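Subject: A structure for you to look at

Hi there,

Here is the structure I promised to pass on. Please open it and keep it beside you while you read.

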Amino acid sequence: MRDSNMIKKKNNKNKRSSPTPSPDHQKRYRGVRMRKWGKWVAEIREPNKRSRIWLGSYATPIAAARAYDTAVFYLRGPSATLNFPNLLVAAVGEEMSAGEIRQKAAEVGARVDAQEAGSVVVDLNETPDLSDGDDGR
């Protein structure tokens, strides 16, 4: 009896618990995974390197997938396999650093999260006007 308890404990250690996807989130997107607490995260491996570029945490899997698409497009160009090939509007330009790719992907992901939540879309490239109309008098 004691041996069978030991076997059960060993088997339980090796099992990885993963959240059961709800019917809404059964589609899996490339470069996207769900955290235990429900946030969706995106990351991508850099070409010819073992390192990864962290693309951020998002409220929806679609936002994380769009962030991934942005990053993979900048890394691999027009031949990249995308989650949403019909939604890409970026043009390939000069080579970008991992930090610049992360920033672009985060901007796209945040924009999509805001749209999914029904919020006002904010242009992340604009500097906010913090003045309240007073000229300091």
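Below is what was found in it, from the whole chain down to single residues.

First, some ground rules. This is a predicted model, in which local features need pLDDT of at least 70 and side-chain atom pairs count only at pLDDT 80 or more, while totals for chains, interfaces and linings use all residues. Residues are numbered from 1 along each chain as its sequence is written, and side-chain values use heavy atoms, with hydrogens and water left out.

The whole chain

You will find 3 helices and 3 strands in the chain. Here helices (H or I, at least four residues) and strands (E, at least two) are DSSP runs, numbered from the N terminus. Along the sequence their order is α-β-β-β-α-α.

The chain has 137 residues, and 27% of them count as buried. Buried means under 20% relative accessible area, exposed means over 50%, and partly exposed lies in between (1.4 Å probe, protein chains only). The accessible surface is about 10600 Å², with 48% of it belonging to carbon and sulfur atoms; such areas come from the Shrake-Rupley method with a 1.4 Å probe, and for residues only the protein chains shown count as cover.

Contact means heavy atoms within 4.5 Å. Among the chain's contacts with a separation of 6 or more, 41% are between residues 24 or more positions apart.

Helix 2 and helix 3

How do the axes of helix 2 and helix 3 cross? Helix 2 (residues 61–76) and helix 3 (residues 98–117) have axes that come within 8 Å and cross at roughly 150 degrees. That makes the two helices roughly antiparallel. Axes are lines fitted to C-alpha atoms, for helices over the stretch in contact, and angles run from 0 to 180 degrees between N-to-C directions. Angles over 145 degrees count as roughly antiparallel, under 35 as roughly parallel, 65 to 115 as roughly perpendicular and the rest as oblique.

On the helix 2 side, the residues that meet helix 3 include Ile62, Arg66, Thr70 and Tyr74; their partners in helix 3 include Ile101, Lys104, Val108 and Val112. By class, this contact has 10 nonpolar, 2 polar and 4 charged residues. Ala, Val, Leu, Ile, Met, Phe, Trp, Tyr, Cys and Pro count as nonpolar, Asp, Glu, Lys and Arg as charged, and the others, Gly among them, as polar.

Now zoom in on two of these residues. Thr70 lies in helix 2 and is buried, with a relative accessible area of 8%. Leaving aside neighbours within four places in sequence, Thr70 is in contact with Lys104, Ala105 and Val108. Val108 sits in helix 3 and counts as buried at 16% relative accessibility. With residues up to four places away in sequence not counted, Val108 touches Arg66 and Thr70. Thr70 and Val108 are 38 residues apart in sequence, yet 7.4 Å apart in space, C-alpha to C-alpha.

Two loop residues

Is Pro85 buried or exposed? Pro85, in the loop between helix 2 and helix 3, counts as exposed at 56% relative accessibility.

Asn48 is in the loop between strand 2 (40–45) and strand 3 (52–58), and counts as exposed at 84% relative accessibility. Although not a glycine, Asn48 has a positive phi of about 60 degrees. Most residues other than glycine have a negative phi.

Enjoy exploring!

Best wishes
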